[in-house]
Amino acid sequence: MPEAHPAFQFVDLRQQHDVAQLGMWVFLATEVLFFGGLILAYSAYRIGYPEGFAEAARHTKIVIGASNTAILLTSSFLVAWAVLIVRLREGRIAALLLWGAAALGVIFLVLKGVEYSEEYREHLIPGLNFALDGPNAGAIKLFFAFYFVATGLHAVHVAVGIVVLVVIGIRARQDAYSDRYHSPITVAGLYWHFVDIVWIFLFALIYLPGRAP
Amino acid sequence: MTRWHPPRILLFSWAGLLALLALTVFGAYQPLGWFNTGLALTIALGKALIVLAIFMELRERNALTIAFAGAGFFWLAIMLWLALADFVTRPNFPPGPPMMHSDSTPPPRS
């Protein structure tokens, strides 16, 4: 395995690592505001139509939603574990952990697809087949517009993350990372954990309202 | 060789996150009124802080990285605070029920 060298603009690998991390955090700050705009719109309309949003949330599939939360939290745990042991040159085990996390991501997307298909059958998709009646129908439609945009954008992020984890896993398997050089896996981990954080908030906003008697 | 074993802090964080998930689902079914929303968001914030501090290793990072990490959330807080201060204090928000167009009847074709 060839010795890793810093790119020409950096003094050493440590500085390169710090810069890569800062760059990822800048990107994640833009992502915070990207999803934040959606959450602001949701909050404003939830304040405006509290009963409609509570009724709409009762239409969501909380078993799938909670399972998917546990799946993403577990995959984040595996990635955090891999990021630590790759510095000890345990690349083979780190690769297995990363691919395990990617597999959990695939299961997340499959369950999301099951959920979407159930919502299609229940005529809950605005712009496609939304067909609920009653005094809260308009608010429920607003809720599901947010639901499909937010979870759809989140699913795109999960899909990108799966590809990144698989590629980084291959590099880890090739023993490319060490205590001195591990920026790519650390930065990829930051992205995956951020996708997890977005889901933590989406879960609380989408699945939990309106459940109490 | 056991050095690839997960550190205890990661295991505790993972268990804690799953426990908080169970707690938030349980709490959502308790009749707490407006506090249901507060509880759900407080637990979500707690889970996010665990992920940020432990999984994303922010507790081991220098002040500059933490400032970069906090910047996005800082501006998000300003956006939510100013915008929602507007919406919750408007006398006529919402102005009425949202417009309801049925998707089940296709638009007339010409």
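Chain B of this predicted model contains three helices and zero strands, where helices (H or I, at least four residues) and strands (E, at least two) are DSSP runs numbered from the N terminus. Read from the N terminus on, the elements of chain B follow the order α-α-α. Of the 110 residues in chain B, 19% are buried; a residue is called buried if 20 or more other C-beta atoms, placed from the backbone, lie within 10 Å of its own, exposed if 12 or fewer do, and partly exposed in between. Residues are numbered from 1 along each chain as its sequence is written, and chains are lettered from A and ligands numbered from 1 in the order in which they are written. Local features need pLDDT of at least 70 and side-chain atom pairs count only at pLDDT 80 or more, whereas totals for chains, interfaces and linings use all residues.

When residues up to four places away in sequence are not counted, A:F143 touches A:G52, A:F53 and A:A56, contact being defined by C-beta atoms, placed from the backbone, that lie within 7 Å.

The contact between the chains takes 52 residues from chain A and 49 residues from chain B. On the side of chain A that touches chain B, the elements giving two or more residues are α1, α3, α5 and α6 of chain A, and α1(A) gives the most, with 14 residues. By class, this side of chain A has 37 nonpolar, eleven polar and four charged residues, where Ala, Val, Leu, Ile, Met, Phe, Trp, Tyr, Cys and Pro count as nonpolar, Asp, Glu, Lys and Arg as charged, and the others, Gly among them, as polar.

Within chain A, α1(A) and α6(A) pack at an angle of about 15°, with their axes 10 Å apart; axes are lines fitted to C-alpha atoms, for helices over the stretch in contact, and angles run from 0 to 180 degrees between N-to-C directions. α1(A) is therefore roughly parallel to α6(A), a description that applies to angles under 35 degrees.

Notes
Two residues are in contact if their C-beta atoms, placed from the backbone, lie within 7 Å. Angles under 35 degrees count as roughly parallel, over 145 as roughly antiparallel, 65 to 115 as roughly perpendicular and the rest as oblique.
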